[in-house]
Amino acid sequence: MVVTIRSLGLQGITGYEVSVECALSGGLPAFDVVGLPDAAVKESRERVRSAVRACGAKFPVSRITVNLAPAALRKEGTVYDLPILLGLLAAQGDIDPPPETSAFLGELSLTGALRPITGMLPMAMAARRAGIKDLYVPAENAPEATLAEGLRVHPVEDAGALLDHLGGRKTIAPAPAWTPASGAEPGPDFSEVMGQENVKRALEIAAAGGHNILLIGSPGAGKSMLARRLPSILPDMTRQEALEATEVWSVAGMTDRHHPLLQRRPFRSPHHTVSAAALAGGGSVPRPGEISLAHNGVLFLDELPEFNRDALEVLRQPIEDGEVTITRTAGTVKLPSRFMLVCAMNPCRCGWRGHPSGRCTCTDQMVEKYVSRISGPLLDRMDLHVEVPSVEFDAMRRREQPEPSSAVKARVDAARARQAARFAGSAVSCNAHMPPALVGQFCALDDTGEKLLRSAFERMGLTARSHDRILRVARTIADLEGAEAIAPVHLAEAIQYRNTRILR
């Protein structure tokens, strides 16, 4: 007899349906798992054998063949333990085959208890698309599975409880839809930063339009402190954005039953020793890297010139496309990577170039060599280049409270609302993502603006990419002021953010 149990698998961060076919036949006792299983799937034989006995059932003494279809896709992980157990018991007649509208996921312990698995959300989303009505998952994963909506999610503590439920002896009630707890802990706030009003203004523009920004200043000027407060002024994520980001974190094993959904935009700050594979994602079986974990959030690279050149260059294509393609022998996957890139660097190797103390000993050639560690194409993809001056003593000791993040966020939200109305019906979410066609449509200039931009283009040696990026930033500045058209003053401010002295 062949019994088919519906389950799910992962390819990259996308879930898909898997049919677990269990067959018992005559011959010497054996237990084979086919369908391109990895080592963890093959080891399920021993976990299932022990769990069946722990439930008080009899393990089949016959030739057992388990096929995981579609057989052309590689199966990995421990998610198939539970459906294999049910398939074996149904194949030997101990239980009735489960309804076709049900699917099962979970790793078994030797005692039959279910352990949590990774990638629950994308698999639950795939279950909903496949028309599955009842999804049985480890109790730890139930809150995350309810985020998919449209499913009855049954939290299973152990295999024995599931067998009682399927036999009608004791029902497992569906888990309620997860709702976030009120009173989230406050994060870093702009009110804690004294001085640096020009840098705060640049960060406000970056947040309002989703622009990339480069901060250049001496040690202790507050570059890292300011960058870490950027998420506090970013717009709240929509439900769709939160689900997209959570899918990546779920596959990476970074969610739990208490925090199944990302409620704040992610902020990732990898160390400068990070490899290209860790940044972009990879491995023998492709996994998300830092740029995908920062999807719909912020990727902060501190001490930018200290990063490996190969690691920085992998950023170029994802910045433009909003996704990264990883090809390995196990297959090719596309991972989302739509993030704000925030970078910080010193003006020279010693860090004190331009500092009032005059302690810098670097020559112009040394400064040029230091800055040249960052490629021109990567610098060209930064929308705003901002010099962060050292903070003066009077600014540090002033008594008035700096503007809080909530006030800045209100202006950012208003600017994003104008952009949402402007781009309604398209895939564009903010000014930074405008394609050239929309740049020409929504970033028109008057005669004065045309002359100003022509002068800057010729004097600063701008590229076609930087030309469009200046217009996008100018559009954001106009949105912050509620202006319908880009005025020369908006364009002039956008141009000066690409006029950083040290990069010239």
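I looked up the lining of the second largest pocket and found that α9 (239–251) and β16 (331–336) each supply at least two residues, with helices (H or I, at least four residues) and strands (E, at least two) taken as DSSP runs numbered from the N terminus. The largest share, 4 residues, comes from α9. A pocket here is an open set of points on a 1 Å grid over the protein atoms alone where a 1.4 Å probe fits, with protein on both sides within 12 Å along at least five of seven lines, and lining residues have an atom within 4 Å of a point. I noted 26 lining residues, of which E241, H295, N296, R338 and S429 lie nearest the centre.

The model is predicted, so I kept in mind that local features need pLDDT of at least 70 and side-chain atom pairs pLDDT 80 or more, while totals for chains, interfaces and linings use all residues. Residues are numbered from 1 along each chain as its sequence is written, and side-chain values use heavy atoms, without hydrogens and water.

Next I turned to T246, which lies in helix α9. Is T246 buried or exposed? T246 is buried (under 20% relative accessible area, with a 1.4 Å probe and protein chains only), because its relative accessible area is 0%. I listed its contacts (heavy atoms within 4.5 Å): T246 touches L121, T255, P260, L261 and L262, leaving out residues up to four places away in sequence.

Key:
Buried < 20%, exposed > 50% of the residue type's maximum accessible area, 1.4 Å probe, protein only.
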